[in-house]
Amino acid sequence: MVPVDYFPALAWLAINSALAYAVWRCVNLLLRQDGVLLRIGVSAVFIWATIVSVAVVLGSFGELSPAAMSVGVIVFAIIWKIISAWIARPFDSPSFSQSENKEGARRYPGVIASCWLIWCIAMAIRILAFGLMRLPTNWDTLTYHLSSINHWLDASSLYAPYAVKWFFPTNNEILALWLVAPFSGDFLASLNNVCPLVIFLVGLFTLLRQLNVAPVIAHISTMAATTNYIVWHQVLDNKNDLPTYALFFMGLAFCVRAARRFRKADVVVVGVCFGLLAGIKYYALAYAAILGVSFCILLWANHGAIATMRGVVSCGLCGLVLSGYWYIRNAFVTGMPLYPKGVIGSSTASVGGNASLFRTTLIGNQNPERWEYWANALWQLTNPVFAIAVATLPIAVAYLLLHTRGSRRNRDSMGLPKASFPAIFLATAGAAFSYGITPFTVEFNEGTLGFIKVGYVTIRMGMIFLTMSIVIFSLALSTWWANLPDGNQASSKAQESTSSLTTPRQKLVLVCSAVFLLASQLLFEPQIRAPAFVVDFAIARYRVITTVSLVVISLIAILFYNRFERACTSSTVRWAMAIALLQISAFGCAVLAESWHWRFAGHYNWLMRTTVFSYIRENMPEGERVCVTGPRSYPFYGSRHEFKLIQAHQTPAQPSRFPSVKAFLEYILDNKVDTVVVHRERLLMFDSEQQLEWNQISKRLFDTYWKDSQYRLMKVDHDRLNNFLKQKAGP
């Protein structure tokens with residue numbers, strides 16, 4: 001018997017392959033003089049923008065569904081193909097095709113390829129073992145990231161007001177929507193951040209090389225910025241911080257490219273990155289503004305006012321298309337584009353009972369211990385490169401300023417566009433300020449320092465600033481190295497290629513750095529609840545085995561690379577391999593689906609310390625509308641989305657979502673709820689008096705038919721509830 005998800009997976013993979021090929025062909029023509037790595041990154045950006053465009057168009061008209069999305073992606077793939085044909089017409093001469101083939105035949109030197117191949121295999125093993133083979137456990141993922149996706153499909157629209165955070169911009173969740181929509185379960189949701197990871201890696205490396213950082217330093221810095229607990233943890237779940245980093249650095253890299261030589265393709269990439277970034281989340285708006293200002297500074301200094309206006313128009317149009325929907329929807333529904341009031345920087349929004357949002361920020365919090373905890377978290381959750389870059393940031397900035405102020409010859413010798421340093425310094429200062437005023441980086445409840453003691457939230461909110469510190473440190477180090485007596489010649493040779501390492505010493509430095517970074521990440525587990533960076537030997541033993549396997553697989557891949565490359569020269573072999581890969585991947589999706597459904601209830605019973613999910617799987621009728629009052633409510637959808645979830649708990653952005661018990665009862669009636677799920681016998685949106693009132697009313701209106709220490713299931717009698725609300729309303 002063929003598994004249920006086999007044919008949907010086969011069709012979905014074929015559609016993705018068609019879209020990827022069409023976009024890749026177009027990007028090859030637009031960036032025909034650039035390397036393969038850059039083309040891959042830009043293709044990932046355009047594919048992401050395509051999926052967002054399809055979802056926004058369908059969601060705006062209430063036609064969002066798996067079938068409609070598939071048709072929309074096919075249509076956009078055809079559009080990309082037409083664009084490719086239009087671009088290719090001026091280059092149909094044999095000389096162009098030959099030069100293109102010659103460019104495409106080049107490959108990276110062995111040392112660099114080997115280091116990054118091992119890194120990619122390590123990441124692939126991590127995604128497979130800790131992502132695809134495990135069900136989601138992250139708090140935010142279970143509270144609203146995955147829930148939002150299913151709410152959209154239920155409503156056939158991107159407006160689903162019964163979702164707890166329906167008002168947030170969610171360009172990243174649209175990627176997850178495309179990953180899970182065609183299937184019976186959400187087993188591919190953990191691949192959500194793979195595309196942003198590729199963009200982050202390519203964008204950061206491109207930025208460093210555009211700033212003329214030496215290749216060996218650029219490779220080490222890129223690997224350091226992407227080999228840490230924050231990035232490796234976020235690639236497994238649906239959080240939207242990694243996409244923010246990715247789009248910011250890809251956009252900034254193309255800002256510098258556009259400053260060097262004003263080309264339409266570069267301006268379009270900046271605009272697309274800006275548009276996607278503005279639609280990730282509210283906090284990303286600050287980074288989108290920093291990106292836009294840096295773009296304007298660089299264009300104005302190098303190409304004048306007309307080019308700057310073109311750049312502004314490009315960013316504005318892309319921002320309207322790729323992120324405008326979220327803010328227009330909020331303004332239309334609520335009258336506030338940044339709904340709800342107080343979500344950005346209000347001093348009156350209630351947090352943790354009586355705190356203000358500003359006092360939860362690094363700048364606004366007055367506890368002097370926060371800096372010690374911050375330094376501790378930085379050391380635990382990143383790597384020594386981050387610590388060195390942050391500690392030496394003032395020295396690096398001073399050195400670069402003194403070097404460029406010394407003489408015009410020094411500025412010209414660096415080969416940078418005008419205003420490069422002001423733009424980079426402004427981006428770093430802006431990222432630092434945005435980090436300093438971001439709410440909830442220190443604590444949720446006033447006086448506890450809860451988030452900064454654990455460290456994860458605090459560091460992930462500041463990764464753009466921390467990575468910009470690495471960029472400035474790398475630029476200063478590369479400038480210093482180029483001014484050594486034997487450094488100028490090596491530096492000038494290095495500029496000829498984006499990847500060349502000119503001496504065996506540089507190759508040795510790169511290999512040692514890669515081994516150190518990967519070994520640190522694979523062998524040491526950050527215990528974020530403990531004050532020290534400790535080693536869990538059970539995990540370490542498992543990871544040693546993983547590391548050995550990684551090395552063996554990598555060596556085999558490197559040794560047989562040439563044979564594989566020769567085999568792929570035949571078009572018949574390439575087509576056969578593509579078809580086989582599609583079949584294997586589709587079968588793998590079907591196997592993952594069966595595993596997902598089989599393990600779902602038991603996994604969340606274990607995670608939530610309950611047995612409710614086994615009970616509802618066996619006893620609750622399909623289509624039941626379930627209203628959950630606690631966080632992490634996603635599992636109540638069921639593994640096959642057989643139930644309809646209505647979320648009813650409060651959030652820091654909406655501390656007064658239900659101002660009274662009556663408002664909550666009306667919410668239950670309006671959404672035709674069949675079962676109310678109360679978490680731990682308490683509704684967090686109510687104060688003590690309202691909780692007492694709820695306890696009395698719920699016993700009269702609802703019948704409890706199952707409970708344990710974590711959850712209580714209560715059946716809703718709509719007639720009884722309707723009569724009660726009419727009595728409360730009076731004559």
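Which residue in β2 stands opposite R625? It is K644 that stands opposite R625, and the strands concerned, β1 (residues 625–628) and β2 (residues 644–647), pair in the parallel sense over four bridges. Strands (E, at least two residues) and helices (H or I, at least four) are DSSP runs numbered from the N terminus, and two strands pair if DSSP finds at least two bridges between them. The model is predicted, so that local features need pLDDT of at least 70, side-chain atom pairs count only at pLDDT 80 or more, and totals for chains, interfaces and linings use all residues. Residues are numbered from 1 along each chain as its sequence is written, and side-chain values use heavy atoms, with hydrogens and water left out.

β1 also pairs with β3 (residues 675–679), in the parallel sense over three bridges, and V628 has V677 in β3 as its bridge partner.

The open sheet has five strands in the order β2-β1-β3-β5-β4, with mixed pairing; β2 and β4 (702–707) are the edge strands, each pairing on one side only. From one strand to the next, the twist averages 25 degrees. Helix α30 (residues 688–701) packs on the sheet, touching β3, β4 and β5 (711–716), where contact means heavy atoms within 4.5 Å. The direction of α30 makes about 95 degrees with that of β4, with axes fitted as lines to C-alpha atoms, for helices over the stretch in contact, and angles running from 0 to 180 degrees between N-to-C directions.
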